[in-house]
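This briefing covers aromatic rings and how they pair. A pair of aromatic rings is described by the distance of the centres and the angle of the planes.

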Amino acid sequence: MTATLADAGQFVMNKKLGFIAMVLSATGMGFVGTLGRFSTPIDPSTDTKYIIGDFLAFGRMTTGAVGMVLIILAVKKLAALRTTRISFTVVAGGVCIGTSLALYVSSTLMTSIANAVFLIYTGPLFSAILAWIFLREKISARNGFFLSLVFVGMLMTIGIINYTSGEGISFGLKLGQDPEFPNKTIGDIFGLSSGVFYGLALFFYRYRGDIDSEVRGFWNFIFGAIGALVVMGFRLRFLDDTNPIRVMTPTNWLWAAALFLFCGFFAIGFLVVAGKHLKAVELSCVSYWETVVALILGILIFGESLTAIGLLGGLLIVVGGMAPAFSMREEAPELPKGDDGGSEAVTSAEIGGRL
């Protein structure tokens, strides 16, 4: 869906659509850990899970691309797909999200879940800073407060910030070697890299609002698959030459199919829509809803305990992530001009006079 000014041919962001799409996307992303755990086979010789996060990311992207083709055919936008000129930001956005997800899932298998989640979620902060510098998207005191709120809430939900009676507040982020995780240093590097690429993807999504969501989604999945393949090639060459197809069981494939559809086609498809209709800081705030979903799944499916500090962190994420949606004003959000002829920014006065 795209909101436009018909008489001017200029793109106008639909904040309500953007927030709904981002909540749906973050919800789907929140299932990655659970479905990824069930999708990943165990090496019987070491009793550890194979590192195949890049393959799972490639499957998510490929499934998404097929799904977008079916949607494009259903809504009769094949002509738009053929005639739309792709640009650097379209390619970069897809490659970055595919690379990020491939690195992230592999990171969760080589380092602690807390480290992997924390490191990938430096991405939204990175995206907001890039948008502030290069796109001149102002971070208001209100949105800055909300972003700080959800970031601290994320640290509390994953246990990096914790509180115990008698010891007080403690910080649990541990980088470097750990006997429990033989490849922890590489896992931490993968996690940090996934955060960098995630932030870049969110940043690049802010460009080319002139492209239909279906068309943008298709190219996003195509180039995302390429990004995942690059990570897979690196992993096969330097880290682990395991062939995922040879080690996955039928049960693993069933869970992987669910991962491809729900965390790929559904979640990433809505992420593209959200990227067109929200500013980077707003995307960042709502994206942390994923950690709350993961927390709930951990309790319901794996019987993980919920601490008071984790509950408080989840509450901070809900408040900080949803507050921008309820406090947004009727305004004319701007989308940067595409690098090969995208939409021009629209001022508040122009929109007010035309609507």
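The model is predicted: local features need pLDDT of at least 70, side-chain atom pairs count only at pLDDT 80 or more, and totals for chains, interfaces and linings use all residues. Residues are numbered from 1 along each chain as its sequence is written, and side-chain values use heavy atoms, with hydrogens and water left out.

**Aromatic pairs**
- The whole structure holds 17 aromatic pairs (Phe, Tyr or Trp rings, the six-membered one for Trp, with centres within 6.5 Å; planes under 30 degrees apart are stacked, over 60 edge-to-face, the rest tilted).
- Phe 38 and Trp 255 make a tilted pair, at 4.5 Å centre to centre and 35° between the planes.
- This pair joins helix 2 (residues 32-39), which holds Phe 38, to helix 12 (residues 250-277), which holds Trp 255, across 217 residues (helices are DSSP runs of H or I, at least four residues, numbered from the N terminus).
- Phe 88 and Phe 204 are edge-to-face, with 5.7 Å between centres and 90° between planes.
- Phe 88 lies in helix 5 (residues 88-110) and Phe 204 in helix 9 (residues 184-204), 116 residues apart.

**Exposure of the paired rings**
- Phe 38 is partly exposed at 27% relative accessible area, and Trp 255 is partly exposed at 33% (buried is under 20%, exposed over 50%, partly exposed in between; 1.4 Å probe, protein chains only).
- Phe 88 is exposed at 57%, whereas Phe 204 is buried at 11%.

**Cluster and charge**
- One aromatic cluster consists of Phe 88, Phe 134, Phe 203, Phe 204 and Tyr 207.
- Arg 237 has its charged end over the ring of Phe 238, 5.1 Å from the ring centre (NZ of Lys or CZ of Arg within 6 Å of the centre and within 35 degrees of the ring normal).

Note on methods
Helix = DSSP H or I, 4+ residues; strand = E, 2+ residues; numbered from the N terminus.
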